[in-house]
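Hi there,

Here is the structure I promised to pass on. Could you have a look at it and then read the notes below on how the chains meet?

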4 protein chains.
Amino acid sequence: MAGTKYAYVKKFELPDPLLPETYIVVRLDGHGFHRLSQDHDFTKPNDERALQLMDHAARDIMNEFKEVVLAFGESDEYSFLFRKSAAVYNRRHAKILSTITSLFTSSYVFNWARYFPETRLLYPPSFDGRVILYPSSQEVRDYFSWRQADTHINNLYNTTFWALVQQGGETTTQAHATLRGTVSKTKHEILFSRFGINYNKVSERYRKGSIVVREESSEEQDVSLNDDQCTNRLTESDDGASGVKEGRMNQPKARDTRKIKTSISVLHCDIIGKEFWDTRPWLLE
Amino acid sequence: MAGTKYAYVKKFELPDPLLPETYIVVRLDGHGFHRLSQDHDFTKPNDERALQLMDHAARDIMNEFKEVVLAFGESDEYSFLFRKSAAVYNRRHAKILSTITSLFTSSYVFNWARYFPETRLLYPPSFDGRVILYPSSQEVRDYFSWRQADTHINNLYNTTFWALVQQGGETTTQAHATLRGTVSKTKHEILFSRFGINYNKVSERYRKGSIVVREESSEEQDVSLNDDQCTNRLTESDDGASGVKEGRMNQPKARDTRKIKTSISVLHCDIIGKEFWDTRPWLLE
Amino acid sequence: MAGTKYAYVKKFELPDPLLPETYIVVRLDGHGFHRLSQDHDFTKPNDERALQLMDHAARDIMNEFKEVVLAFGESDEYSFLFRKSAAVYNRRHAKILSTITSLFTSSYVFNWARYFPETRLLYPPSFDGRVILYPSSQEVRDYFSWRQADTHINNLYNTTFWALVQQGGETTTQAHATLRGTVSKTKHEILFSRFGINYNKVSERYRKGSIVVREESSEEQDVSLNDDQCTNRLTESDDGASGVKEGRMNQPKARDTRKIKTSISVLHCDIIGKEFWDTRPWLLE
Amino acid sequence: MAGTKYAYVKKFELPDPLLPETYIVVRLDGHGFHRLSQDHDFTKPNDERALQLMDHAARDIMNEFKEVVLAFGESDEYSFLFRKSAAVYNRRHAKILSTITSLFTSSYVFNWARYFPETRLLYPPSFDGRVILYPSSQEVRDYFSWRQADTHINNLYNTTFWALVQQGGETTTQAHATLRGTVSKTKHEILFSRFGINYNKVSERYRKGSIVVREESSEEQDVSLNDDQCTNRLTESDDGASGVKEGRMNQPKARDTRKIKTSISVLHCDIIGKEFWDTRPWLLE
C-alpha cells in the first residue's frame, strides 16, 4: 500500500504520560498582550471587558473538560486544575497541553465581539501554556495562593500607578519613580489621601482575580454560598457561555447515593484562607 | 513581601529542552472536525474554503516563526518543520508546542469569516498538537512523503466515495461496501467509467495537499520555479495573510555574502520525489 | 585552548530533575540471576548466603545515602525508598539511578567472598535499575505491600515445588504440573501432609523478605521494638557492614530539640499491616 | 490472588524510550576516585594498572553489548558509543544506563585483584553514568575529540605537576603555583629542560587515552592496521578478558555477502584526526 514504506517515521512519536495521581495544573499566558492591550485600547489599570472575555474562555474549558474543577485568572493568564485522578486523554502531556491551549485561544477569539462590540480585533492573539504537576493538596492550595497574592501585588501597584498618571498628572516615568520601593501601606495611603480611593472598595474582580469553580450539590438542595465572602458570583447562565449547558455527572456511588449536580460559578473571593477550600472538599480529594 | 512564602511552588516547573540539532516537526490535528464539517456544511469530499483557511493559518505561523521552513497540510491537519538549528524559545518543548497550536487556532477563528463569509462559525473549533524530533534529513523527507501519500490515499477514496453517493445515488453504507478492499486502480476506473472523472485532473490541492515553503533568493534574482511541476503557486501577497509582511533575514555570512530574501509560497506539488528538495537545499541543511 | 572547539557537545547533556516532593523508589533486579544461581550452586528454594549478601549491599546503600529510609529485598531484587523531601544529587534522575545501581553492584561483588567463602565468583554479576515516583504515602505503602505479597506467593510456590522435587522425587516438569492451578491452601496441605513442613515455621527471611529500615530514637531512649512481631532483627554491628559506621544526623529543630540517633536494622516482618508504619512515622512524613 | 490489589502501583512505572536513530553515548565517571587512588597508592600521575583495569571493564561491556562499537577511556571515566540503529533493550533509557553502569562496576571490582595483586581493595568503588544522544556523526566525532583533547590537557598538566613534585622537590602548592597560567609550550619546556622528559615520548596510553574499538574484517582478509599511527594495539586475546570470546555477527546482506568477523581492539592513538574514522566506516554508518 502506498505510504507504507514511510510509516516508520511514526516510531519517532514517543509516549509522554504524566505521572498518575498527581494534580495537573495548566497555566496559560497571553503572548504579547502588552501590545495587544494598547492596540485595542484596553482600559487601565483593568479592562472589565477583557477580564470577562478571559473568564468566558475559562468557563468553556471547564464545560468541555469535566475533570477540571477549578480555574484562576488574572490579567492575561489563567490556571486550570485537573483533579488528581484525572484520566483525560490518558494523561498524555502534549495532548492535554495543546488541546487546552487551543480551545482557550479559540474561545477568546470567537467571543471577542461579544465583549468588545465596538472594537474590531486587529490580529490573532495567542497564548502559551505549560503543565505543572503537584503531588499534594497543600502544594495546590499554595499554587493558587501564589497566583492570588500576585494578583493583589500587581493590582495595588497598577491601581496606584494609573491614579498617579491619570488623576495625578504624572508621567509614567514619574509614577514609577514615585512608587519605587514603597510598601503596600504607602500605596494605600497615596490612593486614599491624594485620590480619595479606598482600595478595599475597588472591585473584587480586580483585587482577587477570577475563580471559576465547579460547584457540587445534591439535587434536593441548591448550592448556598451565602455564608462565605464571595460576591459577584455569576453562574454561567447569567453570563452567557458559548451555548454550553450545565454539566451533570453521575458521581461514583461510594460518595453519595444521591445524584450530584454540578455547576460552574465565577467568583471573586479569597482563596488564600481555608474557608474556600473547606467548603468545597471535592476540589482536592 | 506578600506571596513570597508561596513562591516555592515554582520549583515544580521543570525544564523541558528538546534535543539540540534535531529537526522539530509540530503536527496539528483538528479536534472533532468531522462534526465541525457537518455543522458548517463543508463541501464533500473537499471544501476549498476550509482548505484555504487552513493554509492561511499555516502562513501566519511561518510569518511569525522564521525558523519554520516548510509546512504541509491536508484536510484538518498541518505539519510544521523547524530547521534543525532552530533556537526558538531555547527549544523549550511546552512553549513551542503551545504557542504554535495557539496561534494556528487563533488565526483559524480570526480568518473564518474571510473564507466563509456566508457561514457563521457556531462554536470555537480547536486543534491538538504534538512535537516530533527527527535526527536526519532523510527521516524528514520520509515524514513529509508519509503525509502526502496519506493525502493521496484518503483523497482517492473520498473522491470515489462521494461520487458514488452524490452522483451514483448510493447510500453511504452502500458506497463503503462498494469500495471495500478495492485497490487504487479500481477506484480510478470507477471514477472514470461511471462518472467521467479523470482523477488526475482533480485539483492538485486535493490530490497533493498544501505545501507552504519558505523560498530563498538573492536580491539580484527572483525565485524562479518555472522549471518544476508546481502549479497553483500563491505568494502570500496574492492570497492575503493577516497583515503580515514579507520576512527578510540576514543569513550567516558563511553561506552567502549577498543578502538572502525569503518569501513564503503555497504550492500543491509532489514532495515525495527528490526534485522539490534538490531545488531547495536550504530546507534540510 | 585545546578542546574548546569541541566543548559544544556538552549542550546535548540535558537536565533531568525528578519531580520535587515525591517519594523516590529505586528498584534493582539481578540480570541473568537464574543462570548465576545455577553456576554458583545456590541452595533451592532459598540460599541464605545469597540473601544475606543482598542485604549487606542494601545496608551499604543506606549507609551511603542518608535519605534512603527503607529498603525491601527478596530473591535477586531490592527496592530503596528515599524520603519525599530528598535532595540527593539535586534529584537528578540519571545520577541517582546510576550511582545506586553501581554501589549496590560493587558491594555485591566486593562482599561475595564473605558470604560464599568456598565458592569462587566465576564472572561479574550485574543488576538493572529503575526509578519510580510516588506522590503519596499510601502508594508507597502499597508498593511495599505489593513486593511483600509477591515474596509470599513466590516463596510458597518455590518451597512446595522444591519439596516435590527434592523430597518427593518428582521431576521439575512433574512438579510444575502438580502445582498448576493450585491455590495457597492446597500448597500448604501438600507441604504439611506429604513432607511434614509447616509453612508458617519456614524462616521469616524467606517468607517475608528483608526489610532494611532506618530506625530513629532520641539519645536518652533506645528504640524498642518488643511490641511488634519482628524477629531476626540484626543491627549492622551484629552483621558487619563494610566498615561503615552508624549514621548520626541532626534533625530539623521543628521536630525535636533532642538529637535524633539513627541506626539501620534488618528485619523480616510484616510490612503489609499498619503496625510497621505506625511505629515508624518518620518513614513517610 | 494475593497482591493483586496492590498491583496498581505498577502504573507509576512510565515508559522512557530514547529517540530512535540517534547515537547513544553512555559516559561513566568514577565516584570519589581521588580518594580511592590515594587509599590504594595509585602511581602518580598515571597508574598503569588502574588504567588497564578500566580498559578490561570496558572490553567486558563491549563483549556483552554487541551494538557498542567504540569506547574511550581516560583516568576514571569511560564513554561508550552505541551505533545509531541500536535496539538494545528497546532503547529504554533507565535499563540501558543502569545495566551498563552495573556491569562496568562489577567487572572493575571482579578484576581488581588481577591488576592489583598486591593491593587489597578496601571498600566498594562506584561510578555514576549518564546517557547523551547525538543526532549526527559529526557530533559523535566531536564528542570523542572533546574527550581526547581533555586527556591531553590533563595529562600534560599532571605530568609536569608531578615532575615538579617528585623530581623537582616542590610542594604540591608550589607546583600548582609554578604552573598557573602556563601554556602547553611552557609545560613541554619545563619537562624537557628541568627533568629531561620529552613529553612526546611519554606512553601513548597516557597521552591519548584508551580507544576500544570493534574492528570488522571479512573472513578472507585480516584487519590490517599497519598503515595507521596506532601502536600498543592489544586484542583481547593478548590481554585476557573475563572469559569472553570473540564476537561474530552476521551482518545485513545489503552490506556484504561475505561474513563479517568482528574483534575488539584496545588502541592508544589519535582519534581527533580523520584517519581513525575513515578507516573504520562501520563506526558511524
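Between chain A and chain B the count is six salt bridges, a salt bridge being a side-chain nitrogen of Lys or Arg within 4 Å of a carboxyl oxygen of Asp or Glu. One of them joins the side chains of A:Arg130 and B:Glu13, at 3.0 Å from N to O.

Before going on, please note that this is a predicted model, in which local features need pLDDT of at least 70 and side-chain atom pairs count only at pLDDT 80 or more, while totals for chains, interfaces and linings use all residues. Residues are numbered from 1 along each chain as its sequence is written, chains are lettered from A and ligands numbered from 1 in the order in which they are written, and side-chain values use heavy atoms, with hydrogens and water left out.

**Chains A and B**

The rule also finds 18 residue pairs in polar contact across this interface, both residues at pLDDT 80 or more. (A polar contact is a pair of N or O atoms within 3.5 Å; within protein, one must be able to donate a hydrogen and the other to accept it, and residues adjacent in sequence count only if both atoms are side-chain atoms.) On the side of chain A that touches chain B, helix 3 of chain A gives the largest share, 14 residues. (Helices are DSSP runs of H or I with at least four residues, numbered from the N terminus.)

The contact, meaning heavy atoms within 4.5 Å, takes 53 residues from chain A and 54 residues from chain B. About 4300 Å² is buried between chain A and chain B, with carbon and sulfur atoms giving 66%; buried area is the accessible area (1.4 Å probe) that two parts lose on being put together, summed over both. A:Tyr6, A:Phe110 and A:Trp146 supply 15% of what chain A buries against chain B, more than any other three residues.

**Chains C and A**

Chain C superposes on chain A by a rotation of 180° with 0.0 Å of shift along its axis (RMSD 0.0 Å), using least squares on the C-alpha atoms of residues with pLDDT of at least 70 in both. The two copies are thus related as by a two-fold rotation axis. In chain C, the C-alpha nearest that axis belongs to C:Pro135, 2.4 Å away.

Here seven residues of chain C are in contact with seven residues of chain A, and the area buried is about 550 Å², 70% of it from carbon and sulfur atoms.

Best wishes

How values were computed. Helix = DSSP H or I, 4+ residues; strand = E, 2+ residues; numbered from the N terminus.
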